[in-house]
Structure formats: structure tokens, C-alpha cells
Amino acid sequence: MEIDSASISSCSKENQMIYQEWFSFADSDSDGRITGTDAIKFFSMSNLPRPDLKQVWAIADNKRQGYLGLKEFITAMQLVSLAQAGRVITQDLLHSEVDLENLKPPQMEGLDALLAKKKRAHKPSDPDLNGSSQLQASPTASWFTSKSSKKVPMSSVTSIIDGLKRLYLQKLKPLEVTYRFNDFVSPLLTNSDFDAKPMVMLLGQYSTGKTTFIKHLLKNSYPGAHIGPEPTTDRFVVVMSGPDERSIPGNTVAVQADMPYSGLTTFGTAFLSKFECSQMPHPLLEHITFVDTPGVLSGEKQRTQRAYDFTGVTSWFAAKCDLILLLFDPHKLDVSDEFKRVISSLRGHDDKIRVVLNKADQVDTQQLMRVYGALMWSLGKVLNTPEVMRVYIGSFNDKPVNEAAVGPIGKELFEKEQEDLLSDLKDVPKKACDRRINEFVKRARAAKIHSYIISHLRKEMPAMMGKAKTQQRLIDNLEEEFAKVQREYHLPPGDFPNVDHFREVLSGYSIDKFERLKPKMIQAIDDMLGYDIPELLKNFRNPYD
């Protein structure tokens, strides 16, 4: 499986140096990003019509980040060159039979004179002229450590993700800290949570082919991978890009500031000893991170033997992931108690779930039809939605399809299903920025409802006598208190947290120590959702719109 990274690898070294110099020139603030304003100035030298330049930007910025890095800039320049040669610009143009290796850079009117002028203005030893303008380490990392994070200027925001970071620090984080949202729902966000690559998590019972599925996509085994008919993967493994092949223990991963896994420390050392990060250099892993999970086993005994909260961990990863694959095989269609709890913990992330019926070539066509019906019946008992889940059927491994069992029609079906699933996976990096916005808005709404609940409970507490009795009554009748909050503020009941979990956490606090409602903070969240985020998206949309 390949994701659009062909343009830079297919570009000749000579042209890469030229594009590097152009990129340094176009990047007015030398932050390794070309924003819409920079692009309009630079791309105008190509003399292409506005509709063509709009299409160039849309294809180059296919992740909709609101800026072009060096790779995206090279893609844009190649498209401009092809457009000048009379080619129609389409999404598939760079993947058609174009000789990118020998494609000449585009004609940019007046650029040579501007470059010569810049060289005269700089000393010969200036590093910018040596083509070293790579995307630097995110300057926004200091925002999360600086005490003056509330004073981040708008001018330092050069992408949609930067804008979300700024809004989080200035408006959402103060509300979360005030009402202890991090203790009840989700840990506070860090810089690495915003910058993390999109994640795909695989869930399923043992030996349904989760690790083999990742191996199939990577065309290679990752460090520490174990494959076998018995329960082999006994830990959560994050498979991500790295300079060399190695495995990093969970405790080390959880304290690394540049990795988005610090929130896992809440599950304790028992979990972290069953968690590791597997790094390897791979073009696919530059765009997607995979999360391989232990097989969900049947029976109450298996659940009680786990030294950590398995369901809680999967729920934590589900909130961070962009896609969740539930794997079944024809011989393991039963949904065990633990698997049912795991699927229930994915509530609120239904749009991310895809079901995969793997190893489907182990049965013939007639049996496959019955297996498919049985799987849909099992899922209908667990997923409480009126819609039918999309189920991909196939055999996702490196062996050829068992045509003797499934026949030519089955083979054709598997190939089409595999193409559909792979196109779904290819869309993950493109939709990553939209997903970040979606999750951010979801978090803001959850934090707002949480603050209403906490402040309501605080208001119900007496000033002097009987605090302990009142607290116990409020905790016991939490469903009624939720209903009161819902009626008072006209909130949708589906957005409220799980009552049992909330009650469990609340019992460890003194309600009278909580803050009362602060209308200014709530208004700041309303302004953020109603004005700031739409304005941010407007500022970093296609500059030619």
C-alpha cells in the first residue's frame, strides 16, 4: 500500500536543490511552511490562470493543513510544470505515466532576478542558500511549557493545527483545569497530541490476523511482532516510523514529550509493562501509525487475570485513533463478554469503526454466505445502532487467495473488498486534519457539559451543616441530577458522560471544593465554537477560493 509520497522520491537531485532554493525564498518567515499568502505571491510568477492554481493547491495540500511543507511544495511545482506544458490538472496526474525524474522545473517569470537580488543581500555563507530549509521542530512546543501561553500572538499561527493549539491554551484548557475535566474524562492535551500522525487501531479476538494484517500492509514484519495460532500478541504495540528498527518499552514511551502517549501513565505500571513502541523506517509509517492490540479472549477468567483496565485502555486509544478495525474470522464469530465491553467502550466513535471478516477464503462460498449472516446477527446484538455496519470481506495476508475454496467469483469479490478497505486507509492521512477539528469540537462540548454538571452539584451543597449527607445523596441520585442539568441548559442527553464512571470518580472528591459556574469561561467556549474555529478554517482554506 502506497500513499502519495511519490513526487519527491521521483524528483531528480538537481531539481530537488532548485526547489529547495525556491522554497526558502517563498517561505517569507523561514518557519518551513508556505502559507496561502506566500503561495499567492510565488505561484503568480507561473502566469497560470487562477482555476489551475486553485487545483494545484488542492492537490498539493491534500491533508488540508492550510500550508505546504517542502514535499507538498515540490508536488505543487511539478503540477505547475505539467500545467504549463498543456496537461489538464487532476488528482491522478502525478500517478499517471509522467516521467517525473526528467520533468523540468516550471517557468517562473522574474524569479531568477529576485533570487539573485536575495543572494547579493545575504552573505555567501548564509545557510538558507544551501537548501537546508527543512520543516523545523514545531515552534509551538514552547507554547505548552511557557507561562505566557495565554499571550500567543495570532501572527505565530501558520496552520489549522497551530490555531487549534492556540484556542486550546487560551480558552479550553482553563475551563478543563478549573472543573477537573482531566480527572473525570480525558487527560490535558499536550503539543504532541496535536502533532501526532493519524492512528489506526486493530481489535479482535486472538488469531483473527491483526498482526498479519499490519505485516501485509507494510510488506514486512515489524520489530517484536509474533504471529501464531495461539494468543501471541500479549501487549499493546504502537507501530510507528523511526530512523532504525527497534522496540521501546512502555515506561520510556510514556515519558517522551514528542510522543502522544503520556496520558497512558494513568493506567499504571502494570499496563505500561504490557505496552511498547515498535519503530522502523517505512514510507507508509510516515503517514499512519498502527496500534496492534492483545487478542480479546473469551471467559470471565481471562478478564480477571489482566492486571490493568483493558477496556479503559482501548477506550483511550479509540479517542485518539482515526480508524478502528474490528477483525473477525469465520471460526471466531462469537462476541465474548470482554469483547462486548470493548465494543461498548467505543461509544461515540461509531464513525471510526470498520468491521473486517478476515481469512474468508478458509470456507467455501455457501458457508461464507452463512458466516456473513451470523456475523451481522452477532454485531446487531452488540452495536446498538439502526444502521448496518460496513463489513469488508477478504483474506488480508501475503498468501494467494485459496481459489479452490471460494472459486473465481469469490476471488474477484475479495480483490474488490481489499481495494475498498485500502482506499479507506489511504484516506486516513487526507482526513487527519478534519478529524482533529472534529475531535477538538467534541472535546470542547464535553468539557462544557462537564462544567455545567460540576457547578450544578456545587450549587446543591449546603453552606454549613450536612455536607457529607448531601454529597452522598447527590452521588446516589446522579441520574436525576444529570436530568436537571439537561433541562436547565437544554442539552442533548446523548452528550452526557457515563453515569457509573462519573459516580466512581466523583466519590473521591469533596463536591464543596469544586468551583461555581463561571459564565465568562462558558462564553469563551461558545465564542470559540461559533466564531473562532470557523474563522480559523476560513483563514487557512484554499487561498484561491
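**Reading burial and helix packing**

Student: Let me start with one cysteine: is Cys321 buried or exposed?

Tutor: Cys321 is buried, because its relative accessible area is 1% and the cut-off for buried is under 20%. Do keep in mind that this is a predicted model.

Student: And what about Cys433, buried or exposed?

Tutor: The reasoning carries over: with a relative accessible area of 4%, Cys433 is buried too.

Student: How many disulfides are there?

Tutor: To call one, we need a pair of cysteine sulfur atoms within 2.5 Å. By that rule, the count here is zero.

Student: Let's zoom out. What does the chain contain, and how much of it is buried?

Tutor: The chain has 22 helices and ten strands. Of its 545 residues, 50% count as buried.

Student: Now a helix pair. How do α3 and α4 pack?

Tutor: For a pair like this, look at the angle, the axis distance and the handedness. Helix α3 spans residues 36–43 and helix α4 spans residues 50–60; they pack at about 135°, with axes 12 Å apart. That angle makes α3 oblique to α4, and their crossing is right-handed.

Student: Which residues make the contact?

Tutor: On α3, look for Gly36, Ala39 and Phe43; on α4, for Leu53, Val56 and Trp57. Sorted by class, the contact has five nonpolar residues, one polar and no charged ones.

Note on methods:
Residues numbered from 1 in each chain as written. Predicted model: local features only at pLDDT ≥ 70, side-chain atom pairs only at ≥ 80, totals over all residues. Heavy atoms only, no water. Axes fitted to C-alpha atoms, helices over the stretch in contact; angles between N-to-C directions. Helix = DSSP H or I, 4+ residues; strand = E, 2+ residues; numbered from the N terminus. Parallel < 35°, antiparallel > 145°, perpendicular 65-115°, else oblique. Left-handed = near helix turned anticlockwise from the far one by under 90°. Contact = heavy atoms within 4.5 Å. Nonpolar A, V, L, I, M, F, W, Y, C, P; charged D, E, K, R; others polar. Buried < 20%, exposed > 50% of the residue type's maximum accessible area, 1.4 Å probe, protein only.
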